[in-house]
Amino acid sequence: MENPSENTNQIRNQGHRSSIVEKVKNNLIFRSKWAELNGAMGDLGTYIPIILALTLAKDLNLGTTLIFTGVYNFVTGAIYGVPMPVQPMKSIAAVAISDADFNIPEVMASGICTAGILAVLGVTGLMQLVYKLIPISIVRGIQLAQGLSFAMTAVKYIRKVQNFSKSKSGSDRHWLGLDGLLLAIICACFIIVVNGAGDDNEYAAETESGANDASGSGNNRRKRLRKIITSLPSAFIIFLLGVVLAIIRGPKAVKGFKFGPSPIEVVKMSKHAWKEGFIKGTIPQLPLSILNSVIAVCKLSTDLFPEKDISATSVSITVGMMNLIGCWFGAMPCCHGAGGLAGQYKFGGRSGGCVALLGLAKLVLGLVLGSSLVKILDQFPVGVLGVLLLFAGIELAICSRDMNSKEDSFVMLACTAVSLVGSSAALGFLSGIVVYLLLRLRKLYGGQSSSAICFHGNP
């Protein structure tokens, strides 16, 4: 006879598996095909310049990086159901570009060390505790600083000729040409006309108000025209334009294509590489990863997708696991980022299908073209990338608009100012904590109860 308890366990396990499959399907479903495709382009203004710079300056294996980051995109989209970005670790990339002795072994060692620490913080629950304790005004300060930093970098990309391999800006960009200033301005105007300020309710409100307006067919025609314009995938169109212009600018690059994936090999890391990677790479990267890649991402996800339950614990673990696997094989150390999430949301990304689609595209490019793709990316109009990055930065900075009290705004702006001037999220965070505590002490001295000195967690 069959054991009833075994049958019950089997039914329970089958139900559990089916619920997981159903959740993954729901997370990957497209809310709107063109909007999700357009949203997938919103993170490229950050991704392409950093990856291209490291490929040119340090011979980063572009094919391997595309394959692994493609898998990361798909998996995180399936897990979270939001356009969770996968971006290069910026502090590690900056050190690699500026330091001649900081090469691929040091880059990978620093990524593994950072990933290990984040994974431990996630597994032990310490990351969730930090997330609950940090005041919302300081989180907003970090987001505002990162958004403004993206926007200022974007303006630099648009105005100046860039040498990514040396991380330097050159002379002023010419007005005309296939990567001219006029092209970037036209692209920016096109995005503004199509996307506006990015308010989802803008068109719906106008439609509702127009329903009661019996002014005839003229209004109806304008509404139809507006609907057509606002449905255009602006970022995708601009990215395709950039690809076409890149091929026109460098036709020899296309002729020299070698099809097939790059060889994937284990990176050999000496004791010296581990030491240098930890000191020069992990130490400056870790505060940025904790604050922007985990805490700010979780807060922004809650703001944009309140129906989703995205914890600091899970985000910390996924960042850790990505790099504990990929960095051994030469894939660029990666993390999530509030700027990438804001950029993809700005251009229409509303589900995990957005980043899953981007991940599949990266995976195909990595398998089919490998490192040969760098020849086209090297010719891609930098001004166009600057435009995409500009709107991603603005979208992230706008998230700080919910500071209602003067005290919260004061803390946020103090944190932002120090972060921007000192070029350090960690320094801005510490300054924000000091200002926050001093204001609480001042209230306590003014007669409030001692409970006012406690941190207030995220709502």
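## Local features of the model

Strands β2 and β3 form a hairpin with four residues between them, and S167 in the turn has a positive phi of about 55°. The model is predicted, so that local features need pLDDT of at least 70 and side-chain atom pairs count only at pLDDT 80 or more, whereas totals for chains, interfaces and linings use all residues. Residues are numbered from 1 along each chain as its sequence is written, and side-chain values use heavy atoms, with hydrogens and water left out.

The two strands run antiparallel and are joined by three bridges; strands (E, at least two residues) and helices (H or I, at least four) are DSSP runs numbered from the N terminus, and two strands pair if DSSP finds at least two bridges between them. The table lists two residues with their counterparts in β3.

| Residue | Counterpart in β3 |
|---|---|
| N163 | K168, bridge partner |
| Q162 | S169, standing opposite |

Turning to the helices, the axes of α7 (residues 126–133) and α15 (residues 312–326) come within 7 Å and cross at roughly 130°, where axes are lines fitted to C-alpha atoms over the stretch in contact and angles run from 0 to 180 degrees between N-to-C directions. That angle makes α7 oblique to α15, since angles under 35 degrees count as roughly parallel, over 145 as roughly antiparallel, 65 to 115 as roughly perpendicular and the rest as oblique. At this crossing M127, Q128 and Y131 in α7 meet A312, T313 and S316 in α15, contact being heavy atoms within 4.5 Å.

The largest nonpolar core holds 119 residues, and L54, M108, I138, L300, V315 and V387 touch the most other members; such a core is a set of buried Ala, Val, Leu, Ile, Met, Phe, Trp, Tyr and Cys residues joined through side-chain atoms within 4.5 Å. Helix α14 (residues 271–304) supplies the largest share of this core, 12 residues. Leaving aside neighbours within four places in sequence, M108 is in contact with residues including L60, V267, M269 and C327.

S293 also lies in helix α14, and at 2% relative accessibility S293 counts as buried, a term for under 20% relative accessible area with a 1.4 Å probe and protein chains only. With neighbours within four places in sequence again left aside, S293 is in contact with L288, V315, C335 and H336.

How values were computed
Buried < 20%, exposed > 50% of the residue type's maximum accessible area, 1.4 Å probe, protein only.
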